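The following exercises ask the reader to describe a structure step by step. Please study the sequence and the model before reading each solution.

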Amino acid sequence: MPRRTDLSSILIIGSGPIVIGQACEFDYSGTQACRVLKDEGYRVVLANSNPATIMTDPDFADRTYIEPITWEVVARIIERERPDAVLPTLGGQTGLNTAMALYERGLVGTPGTPELIGANAEAIATAEDREKFKEAMIEIGLSVPPSGVAHTVDEAMDVMSTIGLPVIIRPAYILGGRGTGIASTPDEFRHLARAGLDASPISEILIEKSIAGWKEYELEVMRDRADNCVIICSIENFDAMGVHTGDSITVAPAQTLSDVEYQRMRDAAFACIRRVGVETGGSNVQFAVDPRTGDQVVIEMNPRVSRSSALASKATGFPIAKIAAKLAVGYTLDEIPNDITRMTPASFEPTIDYVVTKVPRWAFEKLPGTSGVLGTQMQSVGEVMAIGRTFPESLQKALRSLEQGRAGLNADPAEKQYDELTDGELLARIAVPTPERIFQIGELLHRGVSIEAIHEACRIDPWFLDQMSIVTEERTRLESTTMESMSARDWKRAKRLGFSDAQLAHLWDRAELDVRRMRTAAGVIPTFKTVDTCSAEFAAETPYHYSTYEDENEVRSSTRPRVLILGSGPNRIGQGIEFDYCCVHASFALRDAGFETVMVNCNPETVSTDYDTSDRLYFEPLTREDVLNVIEAETAASGGTPPKVIVSLGGQTPLKLSGQIPTELIAGTSPTSIDLAEDREKWNELCDRLRIPQPPGGTAVTLADAEAIVARVGFPVLVRPSYVLGGRAMQIVHDRDHLARAMAELTGFGSLGKEGGLSAERPVLVDRFLEDATEVDVDAIRDHIGEVLIGGVMEHVEEAGVHSGDSACAIPPQTLPSWVVDVIRAYTEAIAGALDVRGLINVQYAVAGTNVFVIEANPRASRTVPFVAKATGIPLAKVATRVMLGATLAELRTEGLLRPSVLDAGRVAVKEAVLPFNRFPEVDTALGPEMRSTGEVMGIDTSFGRAFYKAELAAGTVLPRDGTVFLSLADGDKPAGIVVAQRLRELGFGVAATTGTAEYLARFGLTVDRTVDKVSEGRGDTAVDLIASGNISFVINTPQGRGGRTDGEAIRKAANVHRVPSVTTVEAALAAVRGLAEQADRPLEVCSLQEHHGRA
Amino acid sequence: MTDRTTIPGDIVESHLVLADGSVFAGEAIGAPSAVTAGEVVFNTVLSGYQEVITDPSYAGQMITFTYPHIGNYGTVGLDDEARRPHCRGVIVRDLARRESNHRSESSLDAMLRRHGVPGIAGIDTRRLTRVLRDTGAMPGAFGTGSYDDLLAAARAERGTDGVDLVATVTTDSPYTVHGGPLRVVAFDFGIKATILRCLSEIATVEVVPASTLAADVMARRPDGVFLSNGPGDPAAVPYAVDAIRSLVGEVPLFGICLGHQLLSRALGGDTFKLPFGHHGGNHPVRHETSGRIEITSQNHNFCVDPTSLGGRVAVTHLNLNDRTNEGMRVLDAPAFSVQYHPEAGPGPHDSRYLFDQFARLMNSRSEKTGNL
């Protein structure tokens, strides 16, 4: 069946901001879908609020709407664009839920409205509605755990009493297991049932018999409209049932299923997708297997492309999203060629000759108050994948890919933390799943504790444990030998088990580079194999490589000039999709300019690790050893000419490696300049020379150093480590005790110690903190002849002190006088010149009154590059990459790549951060200098208020149209509170306030409708009671500068738990009331990026 | 349940040498052997190593598994495709030293030792597969012996062309597997247990030696005759071709793999050797009348040339990877056959409908002839 000709225009719904459970895997799938459908000649309309994505680049769709993804807004887009079909299965849960909301209102999927392709409403409902799904599975003879559905806590109690504890609670229509949990006692059950009902948009939970401890599997299925079904990949969870699959270490292919069991599971997966009725595309079916009997049960299915399918695509080389998009428009599997072999069709099941291991990365250290215990609710913010020929090799590669100071499965300095724990204590710890568990198990195995005892404690399959013990036994052997006595065979055995040079260096107390020299002298160097979907049965056309230690290397030689782009590794708070965007753009720009592009990265969710983004892909850890290996392999493949290396687009990860790569290979700004900006002394000299003022401060390695600085500059001070992105451990310190605490955390085995720690080379920066200053960010590009292009000047909404990544910001600046902006431009040009920047630079300023202070400069891509590119129409990352390889801005203007900014078109672009608090009710939602947002959204409109309103809506903060607003303000914020309260009154809102705020407002003639006590006063109704009562539609609560946090914290947590929208800074409150005022008089209008950029 | 046969430090060096002189270093597993020679082939299944190793069709061959971890879930008697393995040896990247599965009765290493099958582990099986892909299945030898001895053995190995390997695997005497209402006589050219299981769901199966004459088969008054899978070159089994020629048109026939090739030769067609054969569980085959895709289990080096059959057959199945023939239906007689393995064991169950098709064919014939 060829492609459908009755469709001409298709709307793709994206997944919006990066949140826990929905990350850049949907940029990967959406980008593939856009490309495929455009290539097929369809008019592609895209809706996605996330400016950091590659898919929202104006080249990928005919019409790109960076607008909030709510059914109302998407309905406006449909009204405007009149697509023939809507494809909802590539935008994660957001895509599906939005499609269902539109369907329920008769706006899609019914005659006369756009058709739902990929999965229809009935199929989505069957898969997503837990009760319907269970019934459907029983109907086709598949086993499911005994369960029942409830809509109230009372109903839930009834269901629980029939099933018996322990049970698992799963809310309907949720993402990443939000609101899910296992209850073993009636009290736990009541608590979890309520949380689950709250988390479900339709207040429905499924209560099912807990099968924690069973083995967990996933199958990735594809189906075409001729009903051909294939399995793309099987995945076995290393962690047993009870840990969300997104938080589990997972392995592909399945390791401990016999063919008899596997084929039974395969048959069940096909029966499942057919019964649910997913007509075309990819689905993910999850199974649990009782390890004692082999009994299989179906857990759930996702009728769409998912995180697991992105992993399966990267694990096998089979591009699930791309094929799903083709199937959605009518092709059958046998009509689509396999990209990798080109000779064989896509209607097959990939087979692989290596092992893939995925390990999640969490951010508990940024979320004080969280337990750090893993469960049925996903909490990780990113993941790494590693490929090895065996499980030990891939596991060790994955663990060192995490960039959390671990060199593999222990055998590194961080393992010292286990020294003081007894076997019994460690066994008790591994009974509780945490991010540390894998290493604790490694330690137990190294101590010789039996696999039976470990399995008993953690339920992880003995096969995995035995494979890990092969690693720890090898380690013991290595410890008893010396580097000099290693034979080639010894080296090869250790490397084949995944040992890094860093681990060997630790075991022998040698320098890592000595180990490397000795090993290469023994002739033991990595071979690069190819991911080819077919285990070498057919020749592969696509050079997608991984390293291992075997006989044969498969990298093909070529003589074209080549550029290596180092990616950004696992997503984490502070370093995410924005950097992948930059790396991918670099690859596109260089390919267009005739270079051969080589990508190195280890994040399976990304577009950069798509095999056709670059000319060659190395799926490798971003460590010195692994990156040097790739450089050497590429050098050998080009007859001795080393590649140029780009280190400045992937965030801190590649930047940290810049000092370990031969200087002459680094493209763009030299490592010396990078160091000049990072080294505090040199940077101070530079600013002094340029006469650019900085907040007074200094560097400290010890508490005494820090105290000396404070004596000079006075409190409050901003304390932050150098060389860390995302404000990790950054604090505003008001007194001596706090200073001591802050310094203590930065040394030793604090969470930061693990990420690189403190040393003379990496001291702590202590600066006077400027209160009430406005923060400004600039992204600029300088070329080698000295021209500087100011990409964008962004004014932050929240004051300095809130991490820039967590702050909303606007382009162009909204309150700064134009002369201040001009000063900032001039400063930026001077700094870029003084640093001899070749490429991107990001400079941060604080404006206090008429003083402009420079806070820091980073000669690399910043988090805001994609936002600025979309707001201004200047392809900053592409331009910068070309400049790094020697082009001038003038040349790029002539070429047409560099276009003028479109900003004077009378529009304002606002970026807003998206925070993960709804998953962490125990965390204070007040913003601070430590970044905690996982993603961002953008709103563009004709005024700041409207753009801000849109950005809030896109971020999930629905500003209310009516109701009562609750105000509780810090003393310093109270004057601004007068304005906020006035506006709210004018807009017809009711106002409630805490006693102090109410009394203050009364002095200026503003009465409030309701006054409540602070929590600690606790006489009558408290603020928390009021919020819990459901009578408040919006909360404005700003934290006191110091102390007295507890009341505010309780209020903010109450708002978070009861899902009442809230803001925690007075600046955001002012912006919000402005947005409400400007939006009140007209309906929300949508505009495509192409129109905004004047390209339509 | 725990076997620790290859504890570190206890490694016995072993080498694989191909007839072209290339060497692969590894370590000995399974039964001890100084020199074991055979035709080296590869198989790309991710699970099902036990079924592959015990499949009689691998007689004369040494099986390279492309998936690196082999032995993870142990072995269980129920999954054996024959009473003992007929392959000459096993070549793997990594043999699990501890298996884990509730069904397992013994480790793979123990099973190999029990049956005297030697193996070699630690091999760059991907490099080996790429050699075999480019040059075709090649004679080779592995073991703890010297390079010269191994090379000599590899060169002395004549491969499977023209060799009657069926005689080495077929049953000595007839036996019966009781089951469904129909009566099937199955030629044992190296029949797999899973095929017998599938056939017994529709019929009582009388398994007869490969050399059984057509008249002896007909004397058993079968509703249908099954032509099994088996090892090697169909041209080396002329006696079976003669028997089948006499049966075509006399009784419904169903052939699988070697049975498919023998049926085609009985009809006067040709078979030829594929460059490196099909050995895996993921090959797409299109059923030509419905257009449906079946993911199939495959294990063959020889292939039917349908153009050599003139107009006597309709091609029913096509391999979508290399467009070779995968199945046919005889136009003027009740007979059909497929090149791949619809019974699976190991592999997908997409094609098990063919056994029902055989049952229907027999039932319709039985009604006509009143032979019930």
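The model is predicted, so local features need pLDDT of at least 70 and side-chain atom pairs count only at pLDDT 80 or more, whereas totals for chains, interfaces and linings use all residues. Residues are numbered from 1 along each chain as its sequence is written, and chains are lettered from A and ligands numbered from 1 in the order in which they are written.

**Exercise 1. Confidence**

Task: State the scores of the model and find the stretch of chain B in which the pLDDT is below 50.

Solution. Step one takes the overall scores: ipTM is 0.96 and pTM is 0.94. Step two turns to pLDDT, the predictor's confidence in each residue, from 0 to 100. Chain B has an average pLDDT of 93, and 96% of its residues score at least 70. Where pLDDT is low, predicted coordinates should not be read in detail.

**Exercise 2. The side of chain B that touches chain A**

Task: Determine how many residues of chain B are in contact with chain A, and which element of chain B gives the most to that side.

Solution. The count comes to 46 residues of chain B, in contact with 46 residues of chain A. Next come the elements; helices (H or I, at least four residues) and strands (E, at least two) are DSSP runs, numbered from the N terminus. In chain B, α3 (125-135), β15 (270-287) and β16 (293-305) each supply at least two residues of this side. The most comes from α3(B), with 6 residues. Finally, the side of chain B that touches chain A divides by class into 14 nonpolar, 17 polar and 15 charged residues. Here Ala, Val, Leu, Ile, Met, Phe, Trp, Tyr, Cys and Pro count as nonpolar, Asp, Glu, Lys and Arg as charged, and the others, Gly among them, as polar.

**Exercise 3. A mixed sheet in chain A**

Task: Give the strand order of the open sheet of 6 strands in chain A, and name its edge strands.

Solution. The order is β17-β18-β21-β20-β19-β22, and the pairing is mixed; two strands pair if DSSP finds at least two bridges between them. At the edges are β17 (527-530) and β22 (644-646) of chain A, each pairing on one side only. From one strand to the next, the twist averages 30 degrees. As a detail, β17(A) runs antiparallel to β18 (residues 544-548) of chain A, and 4 bridges join them. Within this pair, Y546(A) of β18(A) stands opposite K529(A).

**Exercise 4. An antiparallel sheet and the helix on it**

Task: Describe the open sheet of 7 strands in chain A and identify the strands touched by α29(A).

Solution. The strands follow the order β31-β30-β27-β28-β29-β32-β33, with antiparallel pairing. Since β31 (851-858) and β33 (935-941) of chain A each have a single partner strand, one side of each is left without a neighbour in the sheet. Direction ignored, neighbouring strands are turned by 25 degrees against each other on average. Between β27 (residues 774-782) and β28 (residues 788-799) of chain A there are 8 bridges in the antiparallel sense, and R782(A) has V788(A) in β28(A) as its bridge partner. Helix α29(A) packs on the sheet, touching β27, β28 and β30 (839-848) of chain A, and its direction makes about 45 degrees with that of β27(A). Axes are lines fitted to C-alpha atoms, for helices over the stretch in contact, and angles run from 0 to 180 degrees between N-to-C directions.

**Exercise 5. Two helix pairs in chain A**

Task: Find how the axes of α19(A) and α29(A) cross, and at what angle α4(A) and α5(A) pack.

Solution. The axes of α19 (residues 577-592) and α29 (residues 876-884) of chain A come within 8 Å and cross at roughly 60 degrees. This angle makes α19(A) oblique to α29(A); angles under 35 degrees count as roughly parallel, over 145 as roughly antiparallel, 65 to 115 as roughly perpendicular and the rest as oblique. The residues of their contact comprise 7 nonpolar, 2 polar and 2 charged. For the second pair, α4 (residues 121-128) and α5 (residues 130-139) of chain A pack at about 90 degrees, with axes 5 Å apart. They are therefore roughly perpendicular to each other. In this contact, A125(A), T126(A) and A127(A) of α4(A) meet K132(A), F133(A) and A136(A) of α5(A).

Key. Contact = placed C-beta atoms within 7 Å.
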